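Here's a quick briefing to read alongside the chain. Have the viewer open and follow along topic by topic.

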Amino acid sequence: MQDIFRHIDDHLNESLAQLTELCKLASVSAHPPTADAIAKTAEHVSGLLRDLGFEASILTKPALSEVEGPAPAEGSGSLGGQAVVYAEQPGRSSRTLLFYDHYDVQPAEPLELWSSPPFEPAIREGKLYGRGVGDNKGNIAARLAALRAWKEVRGELPCSVKFCIEGDEEIGSPQMEEFVEEQRGLLAADACVWEGGGVTWEGIPQLTLGVKGLLYVELAANTVNRDAHSSYGTVLANAAWRLVWALASIKGPDERVLIDGFYDAVRRATPEERAAVEAMPSEEAETLRSYGVEEALTGVRGLDYRLRHLFEPTATIDGLTSGYEGEGPKTVLPARAMAKMDFRLVPDQDPDDVFAKLRRHLDSRGFGDITLRYLSGERPARTPVTDPFVGVVRQAVMDTYEREPIIVPSMAGTGPLYPFVATLGLPTADIGIGYPESRAHAPDENIRIEDFRRGAKAIAALLGRFGEG
Ligand SMILES: [Zn+2]
C-alpha cells in the first residue's frame, strides 16, 4: 500500500484544490433550493468521476406524487427530488463496493459568524474552512483521491466501485427508499461505505454501523372557533389544556413511552453490540458539562447511559405553541394549540406503524379530537458488528491509523441507510474525515488537513482489502 499512500501524499494539494472548487458551488438543498447550484454541482461531480474513468450519469428520484404512504406535509411538494449522481467502474476483482454520499449542503446562515466566506474555502492553521468541506464534499474528495491513486499507480481499481451521490440528504433524503427500490439492479453491490464518520479528539478512528429512524408529527387541538375571553374557562374547552393532556399521555416522568405496542419491534442489543458499546469511550461527562447539568435523565450512567443513547427510541416535544405568548398578561382562552414531536426509532420500529399506534393511542384515551399530521418518516437500520465487512473495514483502518478503531454499532442520529441495508441487503460502515470540532451544519465548518489525508488513505486501503477478500 505504501506506493498508493505516497501518491495520496504527493497529490494532496491537488485533492484539496479539487475539494475547494467543489465547495465553491453553493449546493444548498433547503427550501427554497438553489436549483442552479444543485444542477451545476451534480454535473461537476459527474465530471470528476468521468475524469477517473467512471461511467457517470444523472438520475432522478421518483416524484412525490407517485409515492405511496402517508400524505406528505403541505408545501413539501416543492422540496426534494434532486438529481442523484450514479457512477460505476469495473475493477480487478468483481466484488463491488458502493459509496453513498451527498453533494448538497446545509444553508450557511448566519453568515456573520463565519471567519471567512462559507463558499470561498480557505486554509488556516492546518484546517480547511468552508460549507461542505466536511459534510459531505470532503468525503467525496477523499474518496476520489484514493481512487485516483489506485488508477495512476496500479492502472486499475482493485475492486468494482459504484457511487450513489444524492442532492437532498440535508432535507431528509425524500423518496430515497423508492429510488433504491426502482434502481436496485443498478445499485447492486457487495457492501456499502456510508457518508460521514471521522476521528475522536484523541485521533481514534470511528467506524459507525447504523442509524436511528425518525417519525416527525404535528399534533393540534382546535376547540372553539375563535379565541375567547378567559372568563369562559368555566364552560368552553381550552385548546392548550386539551393538547397538554394529550401530550402528557404519550410519555411518563420515568421516560417510558406509553403508546401501546411502541416497544414491540425494538431489537435488543446483541452481546457483541453491548461489548462494542462497552469499549467505546464515554462522552457522558463532557455532554453533561457542556449542557450545564449534573446528571442525565433518570440518573442513568456509564454503560447504561451509552446503551440508552444508542439503542433506545425517544419521544421528543420539539415545539409547543398556543394562546398569548407576548409580554405581560392577556386573559385569553386559546382556540388552537399545536405541538411538533419527533420520535427517534430503533430497529425494527417502523415510522408508519408508530404513527398508526399513536393515532390509536390518542383515540383510545379520549383524544380523538387531537389532529395528527405525518410530516416525515425514515426507517432505522443497523449492520451487525459481526458482519465480515466490518472486519475488512477495521483492518483497512488499522493499516492507515495503526490503531484499533472504535466500533459504534449505531449513531443516535438518522440517515437514509434503511434501503441500502434492507432493500439492497448490503452491510454498511462509515469511515470519514471529520473530527469533533468539524462544525457540520454550523458556521466555520472545517476539517483538519491531516484527517483528510488519513481518511483518503483509509479508503484506499479499504479498496485494496475489499478487492482481495
Ligand atoms: Zn449534514
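**A buried loop residue**

Val28 counts as buried because 24 C-beta neighbours sit inside 10 Å of it, and the cut-off for that label is 20 or more. Keep in mind that this is a predicted model. Here's the rest of the tour, starting with Val28's surroundings.

**Around Val28**

- You'll find Val28 in the loop that runs between helix H2 (12–24) and helix H3 (35–51).
- Leaving out residues up to four places away in sequence, Val28 touches Pro33, Thr34, Ala37, Asp104, Val105 and Pro107.
- Pro62 is 34 residues from Val28 in sequence, and the C-alpha to C-alpha distance between Val28 and Pro62 is 20 Å.

- Where they touch, domain 1 puts in 11 residues and domain 2 puts in 14 residues.
- On the domain 1 side of that contact, seven residues are nonpolar, three are polar and one is charged.

**The four-stranded sheet**

- This open sheet runs E12-E14-E10-E15, and its pairing is antiparallel.
- Strand E12 (316–322) and strand E15 (371–378) are the edge strands, each pairing on one side only.
- From one strand to the next, the twist averages 10°.
- Inside the sheet, strand E10 (residues 213–222) and strand E14 (residues 336–345) pair antiparallel over 10 bridges.
- To spot that pairing, look for Leu214, whose bridge partner in E14 is Arg344.
- Helix H6 (residues 239–248) packs on this sheet and touches E10, E12 and E14. The direction of H6 makes about 15° with that of E14.

- E7 pairs in the parallel sense with strand E3 (residues 93–102) over three bridges, and Leu98 stands opposite Cys192 in E7.
- E7 also pairs in the parallel sense with strand E18 (residues 428–430), over three bridges. In that pairing, Trp194 has Asp430 in E18 as its bridge partner.

**The three-stranded sheet**

- Another open sheet has three strands in the order E4-E5-E19, with antiparallel pairing.
- Strand E4 (122–124) and strand E19 (446–448) each have a single partner strand, so one side of each is left without a neighbour in the sheet.
- Ignoring direction, neighbouring strands here are turned by 25° against each other on average.
- Strand E5 (residues 127–129) pairs antiparallel with E19 over three bridges, with Leu128 opposite Ile447 in E19.

**Helices H1 and H13**

- Helix H1 (residues 2–10) packs against helix H13 (residues 449–468) at an angle of about 150°, and their axes are 10 Å apart.
- The crossing of H1 past H13 is right-handed.
- From H1, Ile4, Phe5, Ile8 and Asp9 meet Arg453, Ala456, Lys457 and Ala460 in H13.
- By class, the residues in this H1 and H13 contact come out as five nonpolar, no polar and three charged.

Key
Residues are numbered from 1 along each chain as its sequence is written. This is a predicted model: local features need pLDDT of at least 70, side-chain atom pairs count only at pLDDT 80 or more; totals for chains, interfaces and linings use all residues. Two strands pair if DSSP finds at least two bridges between them. Helices (H or I, at least four residues) and strands (E, at least two) are DSSP runs, numbered from the N terminus. Axes are lines fitted to C-alpha atoms, for helices over the stretch in contact, and angles run from 0 to 180 degrees between N-to-C directions. Two residues are in contact if their C-beta atoms, placed from the backbone, lie within 7 Å. A crossing is left-handed if the near helix is turned anticlockwise from the far one by less than a right angle, and right-handed if clockwise. Ala, Val, Leu, Ile, Met, Phe, Trp, Tyr, Cys and Pro count as nonpolar, Asp, Glu, Lys and Arg as charged, and the others, Gly among them, as polar. A residue is buried if 20 or more other C-beta atoms lie within 10 Å of its own, exposed if 12 or fewer, and partly exposed in between; C-beta atoms are placed from the backbone.
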